[in-house]
Amino acid sequence: MTRIVVDPVTRIEGHLRVEAVVENGVITDAFSSGTMIRGLEKILIGRDPRDAWAITERVCGVCTSVHALASVRAVEDAIGVSVPPTAELIRNIMMSTLYVHDHIVHFYHLHALDWVDIVNALKADPKKAAELAATFSKWDKNTTSYFTEVQRKIKQFADSGLGIFANGYWGHPAYKLPPEVNLIAVAHYLDALEWQKEIVKIHAVFGGKNPHPNYLVGGVPCSIDVDEVAAINTERLNLVAKQIAMADEFLNEVYIPDLLAVASFYKDWAKWGGGLSNYLSYGEYPTKGYAQVDSFKYPRGVVLGRDLSHVLPVNPKDSQEIKEYISSSWYDYKGDKDAGLHPWAGETDINYTGPKPPFTTLEGFEKYSFLKTPRWKENPMEVGPLARLIVGYASGRADVKEIVDSTLGKLGVPVGALFSTLGRTAARGLDAALAMGWLKEFYAELMERVKTRETSTFNGERWEPSSWPKECEGVGLVEAPRGALAHWIKIKDGKIDNYQLVVPTTWNGSPRDAKKQRSAFEASLIGTPVAKLDEPVEIIRTIHSFDPCLACSVHLYDPEGKHIHQVSFE
Amino acid sequence: MQQKGYNRRDFMQLCAAAAAAAGFGQTGLAQVVSAFEKKEKPAVVWMHFQECTCCSESFIRASHPIVADALLDVMSLNYTETLMAASGFQAEKSLKDTIEKNKGKYIVLVEGAVPTKDGGVYCMIGGKTAESILQEVSKDAAAVIAWGSCASNGCVQAAKPNPTGATPIHKLIDKPVINVPGCPPIADVMMAVVTHVLVLGQIPALDSLGRPKEFYGRRVHDTCYRRANYDAGLFVESFDDENAHKGYCLYKMGCRGPVTYNACSVVKWNEGTSYPIQSGHGCIGCSEEGFWDNGPFYQHLPHFPGFGIESTADTVGAVVGVATLAGVAAHAVVTNIRKHKVIAEVHTEDQQEDQKES
């Protein structure tokens, strides 16, 4: 029995440590630990709720804007204001833009090197690579001279020490791609790096900048006026249209073909990494207002035990549904240490009881993470693109079913293949493809509104805090690229009285709960083979398939326990 | 200055002047220069502490040069947790090897603040505290660049009550630091600062807060295309009102442009696509120290002594003054005077500096 420690886990957002127990070449137990905390919820207390989007947006710069959206939705829910339809469309355009950007960056820059051997690409025949690429893509850059040039660059790079690619697990027996596929993927790694700076210009048009575009309680900050030079006018809309067209081409001719090509060599990975069997999605892309959940493109719901015949409803305001536990986390509760607390009644007293740094292992410590452990009706849940697709599939959504079934068909694998590391990575591609289609729809609808001049972007009825109830509370739900994200806010006398976030990586990457049930990262590692203990690429593959975002998941802190609504047991 | 065709002696003098102004000692400078006199790509390590990775994300949005070219041709980026292939033991090896093989010659880029409370347990990597890693990595560095507001001034985790003791790096290391604040900094500004150091082989001229004057020498307000509206007393009164459509000044919506030193209204964001004010939202002052506590963001700034125009603004609509005016003090000399005087003074300042340098 060997305990493997991977820290830092790189090509993720934030600071993650994984310790895994390996027996006879197979993982038998795993521990996932978040090792950084900033205390943003404490910082939010007492501030103007209209500023909270900017503060919470800084929770994460990779999935930038998702917390801003969750925050404005939470405040709008609390103070009782709805946003104009044009503002909702712009928010949808920004969110679907993020899905496409984030998933493509994840695939090429955070995940691909787990499957693609960059050094092996040097052995490829560029002519064969071009011929092969032509069989699955119409991307006009895929020529012999292009692959030759990329190979020359990589050679030069390898000769000078490989820089960011140094010390990878190159040559590991788990890498299965032929040299030509490696070369194609490396070339597109570089192309994707250049392309990704383009699509975010959509955020810059509507939100002024990216990362961290601007949001606004009651709508969006930009104005649309095709008779004015300083507003969003025809020139700005053309810029957005061009970016959408470029993204559509990159997604359909580069990302999806590469994803399927790589996946076809790794069908083994449909056997491993499934982990939990419960899936949660809050749903996303309202088309008739945020309050009308049945208008969402992605439905809200829960699938338990991989039973695709039932979708259970989710109510984030019910104190008995979503609760957070600290049995294995570096926090303390005033009452029952093993009880779960609903976010509106949450306590967040930090209490680090781990080893004194520097340390080499967390073994033997009952508490081992700065992440709390969220549960839905006491069940551990997986969240993310796979969960969205499963809930959408089980809800009978035609667009979801069609894309899932056709992809399974292309790869020649059954529905069960979804519940795996490979399924999770493939699901992210399908999620991006759906978002791409919806992005085009949202843009077309926006243009219709521009034609009819129905372009109000701000509802100022409740802008002034004097128009709010003395005390109110709200929830903002978002399906972020990484999964179910929610902000709970309590407002008193126009100020934030309590603010709690439960984010995707907290669901997936949290430590064990009071019943010792594992969360998704830990559960998914069990049963995975590890060929070389000192080069555990298999662990990295499965962890990366979740696209972890640790800064998001660890942000709670309240040393005095003040200002927090809680059940008192004293 | 480049156009004047400086020789090596001039260059050394120039560097010395810049370095002295920034607090860089002669020894550190010699290391910087010698590092760039060699032909090999300089070794660079990028550290991540208390941050949200928006600086890394911004950096990869650079357009000139694009980041792929920078990584292949300009620098050898041997450690960055966001992009590097290696994880765990192999990642730590990349860091260790770079430091050992390039003593005195490598550049450290830091993204994130460092928590100092409770023995540093609020940010640990590989079982070690962020602070101990920072000390270890910066000890033999030729230059240290602080990316973004987190590393430069603490940013959001250092906002009141700063629960984890988040601290900017210049307060922790015994070495001069180039601060490149912003949340995040503009992509092409980041690339330009790196280029200034790695390709020109120079420490850029810095202001009293360690920020490159090249990008942080002018207020967003002074270079804003909506400035004429401010001078004329034309203001947006509510989001998406008629005045917003016309592109009037966002001062009354809380814009922090008048107290924010950054390049947003000149360089703009995402290859010059836009900047916050152009897209209808006031500047939140994200590159200024303590900007999170200089709110609420939608409450407009108080009067500026010396400006005639604010009194006009106040008579146009109801005004609630903001109690604090963080970020102004360091630049009081420049801020508290009229625009034309600002331009005149900056001219004089530049001339004086030119004289000093020659």
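Me: Two residues are in contact if their C-beta atoms, placed from the backbone, lie within 7 Å. Among contacts in chain B with a separation of 6 or more, what percentage comes from residues 24 or more positions apart?

Reply: The model is predicted: local features need pLDDT of at least 70, side-chain atom pairs count only at pLDDT 80 or more, and totals for chains, interfaces and linings use all residues. Residues are numbered from 1 along each chain as its sequence is written, while chains are lettered from A and ligands numbered from 1 in the order in which they are written. For chain B, with contacts of separation 6 or more counted, the part from residues 24 or more positions apart is 73%.

Me: How many residues of domain 2 of chain B are in contact with domain 1?

Reply: Domain bounds come from an automatic or database domain assignment, which divides chain B into domain 1 (2-214) and domain 2 (227-349). From domain 1, 15 residues take part in the contact, and from domain 2 the number is 13.

Me: Which helices of chain B each supply at least two residues of the side of domain 1 that touches domain 2?

Reply: Helices (H or I, at least four residues) and strands (E, at least two) are DSSP runs, numbered from the N terminus. Chain B has 15 helices and 9 strands. Those that each give at least two residues to this side of domain 1 are α7 (148-153) and α8 (187-198).

Me: Which strands of chain A stand at the edges of the open sheet?

Reply: The sheet has 3 strands in the order β1-β2-β3, paired antiparallel. β2(A) (16-23) pairs with β3(A) over 8 bridges, and Ala20(A) faces Ala30(A) in β3(A). Each edge strand has a single partner, so one side of each is left without a neighbour in the sheet; these strands are β1 (2-6) and β3 (26-34).

Me: How many residues of α3(A) are buried?

Reply: Helix α3(A) spans residues 66-79 and reaches 20 Å from its first C-alpha to its last, close to the 20 Å expected at 1.5 Å a residue. The expected span is 1.5 Å times one less than the number of residues. Gly80(A), with a positive phi near 75°, follows the helix. α3(A) is mostly covered, and of its 14 residues the buried ones number 14.

Me: How far apart in space are Gly412(A) and Ser264(A), C-alpha to C-alpha?

Reply: Gly412(A) lies in the loop between α11 (398-411) and α12 (421-451) of chain A. Gly412(A) is exposed, with 9 other C-beta atoms within 10 Å. Although Ser264(A) is 148 residues away in sequence, the C-alpha to C-alpha distance is 9.0 Å.

Terms used: Pairing = 2+ DSSP bridges. Buried ≥ 20, exposed ≤ 12 C-beta atoms within 10 Å, placed from the backbone.
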